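Here is a short tour of a protein model, written for someone meeting structures for the first time. Please keep the viewer open as you read.

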Amino acid sequence: MRRRPLCVALGMYIFLILIFRGKLDAVKERQYQGEQKTLQCQVEEIDGQGESVSLSAGDVMENGKPLCRRIKLYQGRDGVDFTDVRIGNILLVTGKIYSFSQPGNPGQFNEYQYYRNQGISCKMSVQSLKITDKTCRIVEQWLHGVRTALYQRIMLCLPEEEAGVAAAMVLGEKSALSDETRTLYQESGIAHLLAISGLHISLIGMGLFAVLRRYVIPMRAAAVVTAVVLFLYGELTGFSVSAQRAVWMMLCYLAAYFLGERYDVYCALALSAFLQLLMHPSVLFEAGFMLSYGTVFGIAVFVEGFQKQAEEFKNIFCSAVIRAFLGSLGIQIVTLPVLLYYYFEFNPYSALINVIVLPFVGILLCMSFLGSLSAFLSVQTGNFLFGIVHFILYFYTYVGELIQFLPMASCITGRPAWWQILLYYGFLSVWVSLSRFPSGRKAGSRRTWISCGLLVSAFILLLVPAPDRGKLQITNLDVGQGDCCCIRYADKTILIDGGSSDVGSVGKYRICSYLKYYGIRKLDYIFITHSDNDHSNGILEILQKQDYMGFQIGTLVLPEIEKTDKDYLIIEQICRERSILVKKMKKGDGLAVGDLKFRCLHPFRAYNWQTKNDYSLILELQYKDFRGLFTGDLEQAGEKQIMDQIGDVDYLKVGHHGSAGSDGEEFLAILKPEIAVISAGEGNRYGHPAPETLDRLRRTGADIYSTMDNGAITVKIQEGKWNVSTFRSTFRP
């Protein structure tokens with residue numbers, strides 16, 4: 001370490017960040033919920049293209065007083081146009097200001113922390129805009145113009161789907177990238193291709209430097225020109241975390257060439273990380289930061305040792321392939337805990353996939369740049385060059401889709417605990433140390449077996465979840481204005497409803513992220529109480545995906561009624577098409593899962609319902625001495641149908657999101673719930689939960705919880721005792 005003081009300094013600085021993280025998180029910022037404001041600010045960045053354009057602005061002032069350091073501006077519904085805005089302009093904007101949302105469930109994306117790491121405090125939906133000072137930053141605006149022009153040429157010369165991928169790979173512009181393609185690349189383990197990463201920067205930097213020094217200008221001049229081009233390219237593409245890391249490391253590499261010194265990858269890596277963390281200390285906890293630096297560290301640590309093994313192959317091609325595969329495997333080994341901590345799953349074939357796709361990245365980037373430039377002069381020439389890009393991207397898609405059919409293509413493991421991650425890296429460090437020490441044949445064989453045992457132990461420790469037996473957990477997820485309850489008992493998982501009327505893609509971003517966070521791979525039973533979207537659209541989103549978003553689906557349960565509605569029939573049709581087992585329950589039917597028993601209280605088969613809410617499937621849960629009641633969207637008219645069947649309950653899922661027409665006085669007097677849980681969205685247009693419903697619940701003496709205030713609400717029952725925990729009271733960003 002004497003030769004690498006930067007590494008020591010970085011370690012000490014990271015230690016300080018970890019110590020003072022609590023104080024960084026404790027800094028409270030004012031919360032905004034749609035207040036109308038007029039602000040003055042200066043444009044720092046223009047993000048997106050076309051209708052997806054947004055602005056990042058700094059020096060935000062209100063009435064001459066500072067409001068915040070940075071703000072995100074979006075085009076409002078009134079058709080405010082950002083076309084004439086330039087980087088550096090000073091704007092006077094009027095609109096509604098909001099704080100970024102914080103997660104309500106385990107596993108949910110933290111929008112607040114993501115933007116806070118960039119120094120952005122809040123966002124505004126702009127209703128009117130006036131440019132008060134047209135002074136612009138010439139270089140940054142020119143680069144934005146170049147980015148826009150290149151983007152337009154890519155969109156002109158490629159089909160929409162492939163153009164979105166090419167624009168993401170070459171320009172870091174993801175506004176045209178579809179969710180399906182993004183998901184495909186992520187599940188295939190090649191999502192890093194969609195970001196401006198070290199691979200892109202290294203290919204461009206090394207290629208340009210090699211051409212310039214050999215054919216154009218002297219070595220030192222070539223180093224300077226390459227450094228300038230790389231910095232401009234980083235600025236052009238938005239300088240993501242991975243791009244910053246790659247640019248700084250390439251600058252260190254070029255500086256070493258310029259000064260005639262030896263390039264040390266560990267020092268360059270430490271310098272790059274140190275500079276980023278000085279500007280934004282909280283970026284240390286971003287997935288992109290950890291994956292970017294972990295990838296380079298994995299290459300530095302593993303490739304050297306793996307290359308010796310690859311050299312044993314006399315065939316040059318085999319040696320190169322083996323070296324590439326082992327290097328890719330080394331990266332996956334190092335970054336696996338980070339991947340699982342933030343995404344809760346991994347693709348075991350990603351090392352192999354990267355060996356297949358990475359050799360074409362250089363050709364793809366080169367042809368994309370040449371095609372974009374050629375299209376300025378001749379669209380036909382651009383189309384020809386982009387034809388090569390088209391075939392490469394088609395090949396990537398084909399490989400990604402092919403991988404999905406392999407067994408265990410997606411391994412859902414859940415988020416590992418910190419102690420698992422620390423022990424994993426501890427075992428890994430010992431394994432690396434043992435594999436590097438020279439030894440004789442006999443000792444070497446023993447050391448090989450010990451090393452293999454350590455590596456296998458590390459993987460088992462990280463990937464195998466600890467058993468959780470003898471405990472029942474009932475979690476009401478925060479799905480906005482909707483309902484979703486997840487019941488976990490032993491190795492069984494049961495969903496009761498799953499939908500939302502105000503959260504887009506609720507199945508993917510709220511329900512699935514929660515399930516994957518806990519390593520849940522199978523949904524044994526899914527109850528849909530009735531067919532309203534706010535109870536079913538998230539579940540249908542999962543069922544309609546080819547691989548059910550990585551889950552196994554057991555049985556779907558519907559209320560048994562004679563008169564059905566259109567949405568009910570659609571649910572049945574999807575289940576038939578997907579060969580999903582459907583069970584129907586009516587009043588008096590039961591279902592047992594070990595000691596966990598469900599009894600259906602409503603509806604009976606010939607029930608003449610008037611609205612979908614009327615035929616809601618009402619379930620009584622019995623677990624030893626604990627009783628719960630799930631009431632769907634049942635209202636007071638339906639409550640009268642089941643009063644003769646109910647008694648005291650410990651847990652009540654309040655009906656119809658706490659509307660005024662649910663949970664009547666007589667109904668609650670019979671139930672006497674200890675816990676009452678309301679699932680409703682913040683600021684919903686229905687005014688749920690209604691004040692009169694809350695008053696009725698308070699008079700029963702129940703402890704009242706709502707997902708809009710508490711986030712996910714979990715009741716844990718074990719050995720005759722139960723306790724309640726809420727996500728927002730325990731969550732730490």
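Is H530 buried or exposed? H530 is buried, because its relative accessible area is 1% (buried means under 20%, exposed over 50%, and partly exposed in between, with a 1.4 Å probe and protein chains only). This is a predicted model, in which local features need pLDDT of at least 70 and side-chain atom pairs count only at pLDDT 80 or more, while totals for chains, interfaces and linings use all residues. Residues are numbered from 1 along each chain as its sequence is written, and side-chain values use heavy atoms, leaving out hydrogens and water.

**Around H530**

- You will find H530 in the loop between strand 11 (522-527) and helix 19 (533-543); helices (H or I, at least four residues) and strands (E, at least two) are DSSP runs, numbered from the N terminus.
- The side chain of H530 makes polar contacts with the side chains of T529 at 3.0 Å and D633 at 3.2 Å.
- A polar contact is a pair of N or O atoms within 3.5 Å; within protein, one must be able to donate a hydrogen and the other to accept it, and residues adjacent in sequence count only if both atoms are side-chain atoms.
- Leaving aside neighbours within four places in sequence, H530 is in contact (heavy atoms within 4.5 Å) with residues including D497, K612, Y615 and D633.

**Around E345**

- E345 belongs to strand 6 (residues 345-346) and is buried, with a relative accessible area of 13%.
- The E345 side chain makes polar contacts with the side chains of S410 (2.5 Å) and K516 (2.8 Å).

**The barrel**

- Five strands form a closed barrel in the order 1-2-3-5-4, with mixed pairing; two strands pair if DSSP finds at least two bridges between them.
- Strand 2 (residues 54-62) pairs with strand 3 (residues 65-75) in the antiparallel sense over eight bridges.
- V60 has C68 of strand 3 as its bridge partner.

**Two crossing helices**

- The axes of helix 4 (residues 138-157) and helix 8 (residues 219-236) come within 9 Å and cross at roughly 70°.
- Axes are lines fitted to C-alpha atoms, for helices over the stretch in contact, and angles run from 0 to 180 degrees between N-to-C directions.
- Helix 4 and helix 8 are therefore roughly perpendicular to each other (65 to 115 degrees; under 35 counts as roughly parallel, over 145 as roughly antiparallel, and the rest as oblique).
- The contact is made by V139, E140, L143, V146 and R147 of helix 4 and by L232, E235 and L236 of helix 8.
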